[in-house]
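Open the model in your viewer and keep the selection tool at hand.

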Amino acid sequence: MLAIARQRMLGQSFKKILPAVSVLRSYSSAAKQITVREALNSALDEEMSADPKVFLMGEEVGEYQGAYKITKGLLEKYGPERVLDTPITEAGFTGIGVGAAYYGLKPVVEFMTFNFSMQAIDHIINSAAKSNYMSAGQISVPIVFRGPNGAAAGVGAQHSQCYAAWYASCPGLKVLSPYNSEDARGLLKAAIRDPDPVVFLENELLYGESFPVSDEVLDSSFCLPIGKAKIEREGKDATITAFSKMVGYALKAAEMLEKDGICAEVINLRSIRPLDRATINASVRKTNRLITVEEGFPQHGVGAEICASVVEESFSYLDAPVERIAGADVPMPYAANLERMAVPQVEDIVRAAKRACYRSVPLAATA
Amino acid sequence: MNGASCAAKISTQPFSLNPTSPASHDRPLVSPKPASLFLGSTRKLRLSSSSKLNLHRRSGTVVAVSDVVKQKKSKSTHSLLITKEEGLELYEDMILGRAFEDMCAQMYYRGKMFGFVHLYNGQEAVSTGFIKLLKQQDSVVSTYRDHVHALSKGVPARAVMSELFGKTTGCCRGQGGSMHMFSREHNLLGGFAFIGEGIPVATGAAFTSKYKREVLKEADCDHVTLAFFGDGTCNNGQFFECLNMAALWKLPIVFVVENNLWAIGMSHLRATSDPQIYKKGPAFGMPGIHVDGMDVLKVREVAKEAIGRARRGEGPTLVECETYRFRGHSLADPDELRDPAEKAHYAARDPITALKKYLIENSLASEADLKAIDKKIDEVVEDAVEFADESPVPSQSQLLENVFADPKGFGIGPDGRYRCEDPKFTEGTAHV
């Protein structure tokens with residue numbers, strides 16, 4: 001009996017041995033595969049060559065070729081005046097970037113990880129985000145703050161925090177978080193061209209992952225709109241929202257749920273601020289169940305905001321309470337097994353989706 | 001004021017006020033032994049009147065006299081530092097600053113102004129001495145004590161007063177307030193509430209000036225930036241981070257310290273391990289100068305050289321101006337910790353009185369000329385108040401305006417609509 005079931009499963013899974021991202025049906029042919037790192041590098045390269053006002057600054061962006069090799073080759077191509085290696089002075093060089101942006105230059109400030117942005121957060125919020133408002137539109141700040149965000153592997157509590165919720169609560173900032181190479185290219189180009197401050201949250205573990213991209217994505221004028229989420233996988237039984245690395249997990253969870261007859265719709269938020277409430281609400285009105293997934297701390301997180309938005313706008317469409325999957329409410333531990341428990345895993349998303357659908361799994365402490 | 005002499009304490013040998021021999025960065029920068037202890041002994045934390053009066057004697061001592069001034073002295077016919085026009089301009093600017101701030105105090109107590117208001121009375125020589133040497137394209141970055149910096153830079157008194165009243169005709173449409181004065185037209189980049197926050201922003205503006213000249217090849221871009229901040233800020237990390245980067249990249253900036261000895265109720269001596277701020281410049285590879293900030297002509301001489309250095313591309317300078325604020329930290333500050341004798345001592349060195357004396361003694365202007373200016377400024381300030389009073393408050397719809405320069409991103413396309421609303425846009429074929 002078990003063997004037959006296993007065979008059936010194997011048969012089914014053979015059909016499903018395709019890369020997880022083949023669910024992208026919007027582009028006709030997945031012509032080429034590029035890593036997220038290459039996507040970011042090419043986006044920076046193209047924007048710098050198109051506009052001489054764009055320049056990079058950050059620690060190790062020049063001679064070291066980038067702490068995570070995102071800015072590889074750019075120093076050789078554009079010279080030290082446009083690719084600046086800064087001393088270790090986040091507050092100082094972020095403020096310098098903001099001052100330069102006041103005058104119409106377009107700095108791209110790299111934080112080695114967004115944890116270090118806490119040393120510069122005064123400038124991100126007070127001098128960048130609020131300036132257009134305080135000066136009544138006289139001074140706009142076309143700056144991009146980018147860098148890896150969230151947990152990496154075994155880097156401990158001070159290097160693993162997710163800052164999406166903190167920055168997304170601040171008016172005056174735009175907060176973007178790409179998942180795959182297409183997102184990375186399109187959103188980074190959009191961020192650089194945008195006349196407002198943009199916080200661009202990447203993910204270190206995604207840098208090396210390859211995704212297929214179409215020719216349109218590789219075109220140098222390719223851009224994605226800010227404030228629009230993408231439906232990565234259509235479904236009708238439950239909506240799963242996620243951003244950054246969690247999109248990959250959500251897609252895997254959706255596949256597992258498919259076998260149990262739950263057809264989940266996966267939304268890649270792409271833009272945390274402004275949040276695409278229209279897409280999320282339209283999806284919930286269709287599926288009637290919502291599971292939000294994020295890597296950061298649960299309290300006051302992105303999922304909390306999405307839940308509130310859905311309750312405010314689509315309450316009568318909900319058939320089950322909103323399930324919120326987030327990182328554990330603890331600073332990130334170091335031990336590998338503890339770290340695995342502190343970050344959402346695919347099984348957690350599957351369990352939550354089942355709860356939302358059947359309520360047959362007791363509400364145990366979720367990761 | 002000693003006639004035409006300019007007493008400035010200079011903390012590095014190669015920095016000379018003679019414009020023909022610009023300072024060289026390769027020469028070793030030496031901290032000289034000061035002629036007398038700055039601010040008296042640090043042991044005496046309780047400032048007694050006698051130690052404060054020592055200041056008066058110290059600043060009278062001429063530590064270094066510029067070569068320029070020596071040359072000027074030898075030509076007996078032109079021994080003055082300013083012409084009549086310049087003198088009247090300086091006087092008018094300082095009177096405007098003083099009258100405006102006094103009016104602010106009145107309006108605050110009448111309830112027309114609210115929140116935090118920090119007045120600049122007593123420090124006018126620094127603002128006037130520096131800012132009147134700038135071009136319109138040069139930029140000024142200040143702190144929350146920014147009304148007079150705005151006025152000196154050219155923002156109309158009406159616009160500043162309306163902003164303080166919170167009216168829509170203010171320079172920031174009432175959205176900024178007392179501590180956040182911005183003017184794109186006059187290149188006043190704020191107005192920051194956090195001390196030290198403006199310094200990196202000013203360094204960035206100077207960086208832009210250099211970038212425009214070297215990368216964007218705008219050869220005539222020699223804009224200079226002035227960063228104004230106080231003694232309390234000089235203990236903040238961002239100050240040192242920017243001294244380092246400004247000297248490292250040789251940026252056209254002048255760091256102007258308005259050392260008024262007090263950070264709210266914290267005396268500079270109680271907060272600082274080495275109270276001589278100008279000495280911190282050479283530690284980072286730039287000249288550090290100390291100047292009497294109650295004397296507008298001395299400030300102006302030092303400013304000329306520092307701004308000239310920056311304009312020529314020789315890099316940053318740190319200028320410490322010893323000055324004093326006659327009023328409390330803000331209008332809410334009862335100002336109980338400062339010694340009345342100290343206040344009296346500095347009141348006697350009022351920069352406006354001193355300039356007036358100089359102009360009259362050197363026959364550059366008559367009493368009547370100066371009285372006419374006083375009257376004119378009174379009218380300007382009265383007019384500003386009337387204008388502000390009669391201006392409308394912001395409409396309700398203004399609350400949500402100006403959060404973003406471009407709320408949807410990508411701006412307006414050639415058809416006049418937001419680009420991201422173009423359906424073709426998301427297909428990746430739209431050209432931006």
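Select helix 2 of chain A and look for its buried residues: A:Val36, A:Ala39, A:Leu40, A:Asn41, A:Ser42, A:Ala43, A:Leu44, A:Asp45, A:Glu47 and A:Met48. Buried means under 20% relative accessible area, with a 1.4 Å probe and protein chains only. This is a predicted model, in which local features need pLDDT of at least 70, side-chain atom pairs count only at pLDDT 80 or more, and totals for chains, interfaces and linings use all residues. Residues are numbered from 1 along each chain as its sequence is written, chains are lettered from A and ligands numbered from 1 in the order in which they are written, and side-chain values use heavy atoms, without hydrogens and water.

Stay on helix 2 (residues 36–50). Its 15 residues should span 21 Å at 1.5 Å a residue, and its end C-alpha atoms are 21 Å apart, which agrees. The expected span is 1.5 Å times one less than the number of residues.

Now select chain A. It has 14 helices and 14 strands, taken as DSSP runs (H or I, at least four residues, for helices; E, at least two, for strands) numbered from the N terminus. Of its 367 residues, 62% count as buried.

Next, show chain B with chain A. The contact (heavy atoms within 4.5 Å) takes 58 residues from chain B and 56 from chain A. Between the two chains there are 0 salt bridges, meaning a side-chain nitrogen of Lys or Arg within 4 Å of a carboxyl oxygen of Asp or Glu.

Methods: Buried < 20%, exposed > 50% of the residue type's maximum accessible area, 1.4 Å probe, protein only.
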